[in-house]
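Dear colleague,

I am handing over the structure below, and after it I describe what was found. Please keep it open while you read.

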Amino acid sequence: MENLDIKSIFANKYYGTPLMPTNLGELVFYLRLQFGLFLHNSQIWLTTTYLQSYEFPFNYLVLLRDVFLLYIVTHKLLEIWTHVRGIGVYGTFHELFNDVRKRVYSIIFSFPPIRHKVEKELAEVVAKMEKEIIKNDDELLQLAEIPEQGLDSKLVLKELDKLQDLKHTEWANGRVSGAVYHGGEDLLELQSSAYYKYSVANQLHPDVFPGVRKMESEIVSMVLDIFNAPTSACGSTTSGGTESLLLTGLAAREYGKRFKGITSPEVIAPVTIHAGIEKACYYFGMKLHKVDVDPKTFKVDLSKVKRLINGNTVLLVGSAPNFPHGIIDDIEGLSKLAVKYKIPLHVDACLGSFIVSFLERSKVHGDLVIPKFDFRLAGVTSISCDTHKYGFAPKGSSIIMYRDPKLRECQYYISSDWTGGMYGSPTLAGSRPGALMVGCWSTLINIGKEGYEKSCKEIVSTSMQFKKVLKQDETFQKYFEVIGDPIASVVSFKFIDSKKFNIYDLGDIIGKRGWHFSALQNPAALHFAFTRLTIPVLDDLITDLRESLLEYTNKLSVENTNIKPTGEVAALYGVAGSVSTRGLADRLIVAFIDTLYKV
């Protein structure tokens with residue numbers, strides 16, 4: 001600046017013409033000049049507006065008030081801008097429009113005549129729901145209270161046998177999507193023996209049950225191994241996939257708070273992510289951004305994920321695969337974003353578990369390159385895996401894995417000043433059934449890697465055969481579209497013309513043939529999660545689905561009408577899918593949960 005010739009700058013400056021710098025030095029001088037002028041004018045404005053207009057100390061109090069208001073307004077505007085930038089102008093207006101519609105319909109439904117009619121119809125639906133769910137029999141003991149005199153063990157066992165005979169969905173014949181991951185009668189006998197030996201064990205007391213502690217640590221190590229974890233990786237056992245996801249969310253929130261000072265945590269996940277992530281955000285006060293998936297691949301849209309990333313983002317999430325469609329998200333792409341913005345990335349492999357982790361080894365897809373989704377990707381910081389699904393362990397066992405012990409530590413609860421002594425627990429529960437972990441350990445070492453490779457190959461071969469038939473069979477390809485390109489154990493499909501045909505009515509028809517498909521929404525679809533039990537009945541599944549489809553389409557042709565949902569599932573999802581009646585669907589879910597605890 002010292003070398004600038006001020007006279008030369010203003011030599012050709014005439015009154016009424018703008019000053020145009022001719023080089024970088026002149027530009028810097030000009031900007032500094034303008035900045036100095038701005039500071040001078042600001043000081044004059046500040047003095048006249050606050051310091052000279054009010055008496056001390058009110059002048060400073062008014063100044064602090066306005067500074068605080070400016071901060072609030074700026075913060076809110078930044079929040080709005082981040083939201084608009086993430087979902088776009090159209091998405092923002094669409095979201096706002098739906099919110100206004102919901103509020104309007106809520107007011108309309110509150111009017112007495114309408115409210116009374118809705119309450120009456122809801123009561124009828126709930127009564128029907130209770131009749132369907134609450135199964136009982138006059139021959140069963142009715143025990144709303146603990147009996148005064150204890151019952152003989154033989155009588156108790158007899159009652160247990162009777163309870164098993166209550167009318168229920170038959171799962172042993174392989175006609176149920178997922179739900180029961182049966183490893184065989186020999187394995188079940190082993191698990192029962194293991195449970196018997198450790199039925200009183202509690203993981204809360206490693207000093208009393210050191211064998212359980214050893215087995216639990218080995219389970220974590222075994223699962224870390226099949227997900228290609230580095231030597232620094234760690235984890236813990238949990239009661240299931242939902243708890244694993246809850247702990248993932250808790251750890252991410254606490255990590256963001258402790259190491260980044262984030263007080264308004266946000267999570268970004270695809271719309272297809274498991275509801276456990278939504279539950280984690282609900283429980284732990286985090287804002288969830290749900291990102292659309294690509295309309296063709298049904299993988300998360302990375303460009304939309306990137307736009308939503310901001311200073312409050314504590315976690316990115318992807319699935320391997322997701323529950324609805326069985327699609328593995330672009331974890332490699334998410335990993336690059338996680339590394340670039342230094343944000344933890346969780347991969348939900350609860351459903352994929354011992355299927356996706358053995359896809360490469362089993363060579364079930366031949367030379368097809370299996371997309372990476374595990375700790376081989378630098379951005380992946382945590383993975384959840386259910387050992388009680390395709391690991392065939394007893395229900396109530398899952399693993400949450402972390403790349404870094406610091407992240408795992410953030411899920412711990414520590415209390416060093418409790419009057420009952422120093423307390424700490426690694427998961428949400430305090431006492432935990434050690435017998436379930438013993439059953440899990442026994443299962444893993446009994447089946448072994450070769451056994452899991454074999455089951456993966458058999459199950460995925462079956463699901464891929466089903467996918468192939470849906471795509472190539474003349475009847476199916478005329479009506480159905482497979483969602484995305486699933487490569488694991490879940491295959492989902494929808495009607496090509498969803499305006500003319502209702503997939504839920506089809507689900508009701510095939511349900512009458514003993515099959516239990518999972519109903520999906522947005523888009524309306526059905527999916528089937530293949531298990532070991534389904535392998536021998538694949539031909540029956542294909543035959544019954546074809547006959548059900550023909551029955552449904554012939555019925556529509558005879559009635560000469562377009563889509564008119566007639567089944568209970570169709571009606572229920574119609575309620576849930578409408579903005580005007582979505583609140584009623586929430587109430588039906590509440591009623592369903594209440595029914596579970598009615599004697």
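In this predicted model, the side chain of Thr238 reaches the backbone oxygen of Gly240 at a distance of 3.0 Å. Thr238 itself belongs to strand E1, which covers residues 234-238. With a relative accessible area of 5%, Thr238 is buried, because buried means under 20%. Leaving aside residues up to four places away in sequence, Thr238 touches Glu243, Ser244, Leu247, Gly396, Ser397, Ser398, Ile399, Ile400, Thr427 and Met437.

The axes of helix H6 (residues 185-197) and helix H15 (residues 434-472) come within 8 Å and cross at roughly 140°, and the crossing of H6 and H15 is right-handed. On the H6 side the contact is made by Leu187, Leu190, Gln191, Ala194 and Tyr195, while H15 contributes Ala435, Leu436, Val438, Gly439, Ser442, Thr443, Asn446 and Ile447. Sorted by class, the residues in this contact of H6 with H15 are eight nonpolar and five polar, with no charged ones.

At the start of H5, a side-chain oxygen of Asp152 comes to within 2.9 Å of the backbone nitrogen of Lys154.

Best wishes

Technical notes
Residues numbered from 1 in each chain as written. Predicted model: local features only at pLDDT ≥ 70, side-chain atom pairs only at ≥ 80, totals over all residues. Heavy atoms only, no water. Helix = DSSP H or I, 4+ residues; strand = E, 2+ residues; numbered from the N terminus. Buried < 20%, exposed > 50% of the residue type's maximum accessible area, 1.4 Å probe, protein only. Polar contact = N/O pair within 3.5 Å; in protein donor to acceptor, adjacent residues only side chain to side chain. Contact = heavy atoms within 4.5 Å. Axes fitted to C-alpha atoms, helices over the stretch in contact; angles between N-to-C directions. Left-handed = near helix turned anticlockwise from the far one by under 90°. Nonpolar A, V, L, I, M, F, W, Y, C, P; charged D, E, K, R; others polar.
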